[in-house]
Amino acid sequence: MVGNKQVVLNNYVQGWPKEGDFRLQCTETEIESIPNGSEAVLLKNLYLACDPYMRHRMCDNHISQPGTIFKSSFTPGSVLVGYGVSRVIQSTHPDFKEGDHVWGLTGWEEYTMIPNPEKLFKITYTGVPGIAAHVGFFNLCSPKEGETVYVSTASGGVGQLVGQFAKMMGCYVVGSTSTKEKVDLAKDKFGFSDAFNYKEEHDLNAALTRYFPEGIDIYFDNVGGRMLDEVLLHMKAHGRVAACGMISQYNLEEPEGIRNLFSMIPRRVEIKGYIETDFHHIYPQYHELAIKYLKEGSLDYVEDVAEGLENAASAYVGIFHGRNVGKQIIRVASE
């Protein structure tokens, strides 16, 4: 028996999440506890991702959507579940062996038993996942050389990659973010053509006109709400919008409405939402590309690492206030 630290939901979240909505507890886990005759894996969790979509599962009325990552609500007292990187420490499943590294949905805890590990992915490569960025930009937006691209949350885990993919395609790409540090990061490290701090822009319409005087071909949306509403007025004919996330709306009791939808009609703008789990079939293709980009030095990636489950609540709350620089992750344990 070993101690197993766990992060549990303390209360259903109302409005903006607070550290008090979560609780750190320690239970005991029997390391060799896989039932005889089952095909399961016991994981030691190494890294956990702080993903905004988890906020949906912290309400008392969230209903499971079959075939998506948006499962039913967590219940108070339950261990949070999200994407993570883990090491297999025991397995009775033929596809996994002790010592394998995997990624997929796991508990926010030191050790997790996965009774049906078919949805875990064995890590046999080095590199960043980035599938949401790759699919949203290339598969949904079909970029062409010379097009204009706008990316919100430009220094986030997805946005930083979209900007780099756009530059690889020969596009003019501008990002928006929340601090001067992140603006500099987008321009100097990720190679955006330009970037701006949206909090300093009192007139978004004027800002978008300044950066895109002839309009926007592709908008990669990570925030939704007012930003999306303004962007619709600046889209070119046959523009494409990839709706990857809408973090500005997750903590509102009454989501903001979009008033400028009519502009989609004369401009023939296409808006498409998606989730990366719809594209499991292209994971191998993307991983091969990512490894190539990393070896060439043409792809950079920044992560914000919080140390230990003790800091998990603070790290998660921080992503809704822009405290993270790059993808926010939690280091649970070393190898």
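User: How many aromatic pairs does the count come to in this chain?

Analyst: The model is a predicted one, and the count rests on ring geometry, with rings of Phe, Tyr and Trp taken as paired if their centres lie within 6.5 Å. By this rule the count of aromatic pairs comes to 16.

User: Are the ring planes of Phe121 and Tyr283 stacked, edge-to-face or tilted?

Analyst: The centres of the rings of Phe121 and Tyr283 are 5.0 Å apart, and their planes stand at 45 degrees. Planes under 30 degrees apart count as stacked and those over 60 as edge-to-face. An angle of 45 degrees therefore makes the pair of Phe121 and Tyr283 tilted.

User: How many residues apart are Phe121 and Tyr283, and in which elements do they lie?

Analyst: Phe121 belongs to strand E7, residues 121–122, while Tyr283 belongs to helix H7, residues 283–296. The pair thus links distant parts of the chain, and the separation is 162 residues.

User: Which is the relative accessible area of Phe121, and which is that of Tyr283?

Analyst: The cut-off for a buried residue is a relative accessible area under 20%. Phe121 is partly exposed, with a value of 21%, whereas Tyr283 is buried, with a value of 2%.

User: At what angle do the ring planes of Tyr172 and Phe212 stand?

Analyst: The ring centres of Tyr172 and Phe212 are 5.8 Å apart, and the pair is classed as edge-to-face. That class requires planes over 60 degrees apart, and for Tyr172 and Phe212 the angle is 80 degrees.

User: How many residues apart in sequence are the parts that Tyr172 and Phe212 tie together?

Analyst: Tyr172 lies in strand E9 (residues 172–177), and Phe212 lies in the loop between helix H4 (204–211) and strand E11 (216–221). Tyr172 is partly exposed at a relative accessible area of 31%, while Phe212 counts as buried at 3%. The parts tied together by this pair are apart in sequence by 40 residues.

Methods. Residues numbered from 1 in each chain as written. Predicted model: local features only at pLDDT ≥ 70, side-chain atom pairs only at ≥ 80, totals over all residues. Heavy atoms only, no water. Phe/Tyr/Trp six-rings, centres within 6.5 Å; stacked < 30°, edge-to-face > 60°. Helix = DSSP H or I, 4+ residues; strand = E, 2+ residues; numbered from the N terminus. Buried < 20%, exposed > 50% of the residue type's maximum accessible area, 1.4 Å probe, protein only.
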